[in-house]
Amino acid sequence: MSAGTTNFLLVPIPEHPLQECAPDDDKDVKIVVLGASKVGKTALIVRFLTKKFIGDYEPNTGALYARKITLDGEEVTLKVQDTPCVALQDDGEGLVCQEQINRSIYWADGYVLVFSITDSASYRTVLPLYDHVRRIHPSGGIPIILVGNKSDLLRARQVPTDQGETLAAQLGGVYFEASARESNEGVQAAFLHLCQEVSRAVGGANGEKRRSGLHLARPKSPNMQELKRRFRQVLSSRVKSATT
Ligand SMILES: Nc1nc2c(ncn2[C@@H]2O[C@H](COP(=O)(O)OP(=O)(O)OP(=O)(O)O)[C@@H](O)[C@H]2O)c(=O)[nH]1
């Protein structure tokens with residue numbers, strides 16, 4: 001199976017209201033990147049899409065990126081949803097996960113679960129995170145990869161490679177070690193592998209999900225919601241002042 005990119009244009013989909021966003025197409029490959037704080041979710045996405053590493057990012061509000069790729073000779077739109085971090089609850093088992101992330105999980109067809117090899121706590125969030133995805137998508141196989149990021153920081157390693165491999169096998173996915181900072185290779189291999197898995201799944205069992213129109217529209221931008229909230233506040237203060 002061949003996979004490659006036709007262009008390297010990064011097209012951030014602006015944080016517009018839902019109706020102004022490019023609607024999802026049945027052929028879109030929709031991927032969400034999930035993980036604990038500061039594991040490199042944004043860095044991995046940016047590395048994959050632009051082949052560059054950019055040191056630091058604004059706190060993540062959940063940007064969606066799109067790009068054309070070729071899978072098996074067919075051009076499709078790849079949509080990659082970045083997400084705010086998740087965290088374990090104090091009991092060490094449950095997950096603190098924003099509603100925005102739940103919508104992203106529901107919307108997506110493929111999942112990149114990321115931890116940092118230098119942060120064993122981030123590794124421990126992966127299984128509860130997977131269980132959470134499973135609760136939202138209880139039936140069928142879900143295309144998933146596990147990425148151990150920051151492999152350039154070998155001296156600070158807290159999670160051995162075999163632990164990553166074992167966990168990925170447990171989740172029914174493949175494990176990739178990558179460094180968004182140092183190299184394209186692991187990152188490209190990981191994302192393209194998932195794209196192919198999604199493409200297969202969408203043509204198979206998940207095709208049912210698409211045909212029945214169960215997909216939610218892309219998660220709303222929190223910025224937009226904040227704007228709407230402020231707009232309502234202004235409106236209600238105007239109504240109050242008009243009636244007094
Ligand atoms: N050494 C090293 N640093 C990395 C790598 N990837 C990301 N970082 C750094 O790790 C920090 C967090 O990276 P982000 O991409 O913002 O991580 P994130 O998971 O999106 O962060 P949040 O969304 O805020 O949880 C930044 O300082 C990055 O420069 C990597 O592969 N190697």
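**View 1. Leucine 78 and the residues it touches.** Leaving aside residues up to four places away in sequence, leucine 78 touches Val29, Ile31, Phe48, Tyr65, Ala66, Arg67, Ile69 and Cys195, where contact means heavy atoms within 4.5 Å. The model shown here is predicted: local features need pLDDT of at least 70, side-chain atom pairs count only at pLDDT 80 or more, and totals for chains, interfaces and linings use all residues. Residues are numbered from 1 along each chain as its sequence is written, and side-chain values use heavy atoms, with hydrogens and water left out. One of the residues touched by leucine 78 is Cys195; at 0% relative accessibility, cysteine 195 counts as buried (buried means under 20% relative accessible area, exposed over 50%, and partly exposed in between, with a 1.4 Å probe and protein chains only).

View 2. Helices (H or I, at least four residues) and strands (E, at least two) are DSSP runs, numbered from the N terminus. In soluble globular proteins, nonpolar side chains tend to be buried together.

**View 3. Helix H1 and its cover.** Nine of the ten residues of H1 are buried, so this helix is mostly covered. The buried ones are Lys41, Thr42, Ala43, Leu44, Ile45, Val46, Arg47, Phe48 and Leu49. Their cover includes E3, E4, E5, E8, E9 and H6. Take a look at Phe48, too: the charged end of arginine 67 sits over the ring of phenylalanine 48, 5.2 Å from its centre. A charge sits over a ring if NZ of Lys or CZ of Arg is within 6 Å of the ring centre and within 35 degrees of the ring normal. After H1 comes lysine 51, whose phi is positive, near 65 degrees.

**View 4. Strand E5 and its two partners.** E5 pairs with E3 in the parallel sense over four bridges, and with E4 in the antiparallel sense over eight bridges; two strands pair if DSSP finds at least two bridges between them. Valine 80 in E5 stands opposite isoleucine 31 and also opposite tyrosine 65. Two residues lie between the strands in the hairpin of E4 and E5, where aspartate 72 takes a positive phi near 55 degrees. E5 is mostly covered, with six of its eight residues buried. Glutamine 81 lies in this strand and is buried, with a relative accessible area of 1%. Glutamine 81 and lysine 30 are 51 residues apart in sequence but 7.8 Å apart in space, C-alpha to C-alpha.

View 5. A search of the whole structure finds three aromatic pairs. Rings of Phe, Tyr and Trp (its six-membered ring) pair if their centres lie within 6.5 Å; planes under 30 degrees apart count as stacked, over 60 as edge-to-face and the rest as tilted. Phenylalanine 115 and tyrosine 123 are edge-to-face, at 5.1 Å centre to centre with 80 degrees between the planes. Both of these residues, phenylalanine 115 and tyrosine 123, are buried. The pair of phenylalanine 115 and tyrosine 175 is stacked, because the ring centres are 6.0 Å apart and the planes are at 5 degrees. Phenylalanine 115 lies in strand E8 (residues 110–116) and tyrosine 175 in strand E10 (residues 174–177), so this pair ties together parts that are 60 residues apart in sequence. Tyrosine 175 is buried, with a relative accessible area of 12%. Ring pairs link Phe115, Tyr123 and Tyr175 into a cluster.

**View 6. Cysteine 85, without a disulfide.** The structure holds zero disulfides, a disulfide being a pair of cysteine sulfur atoms within 2.5 Å. For cysteine 85, the nearest cysteine sulfur is that of cysteine 97, 10.0 Å away. Cysteine 85 counts as partly exposed, at 37% relative accessibility.
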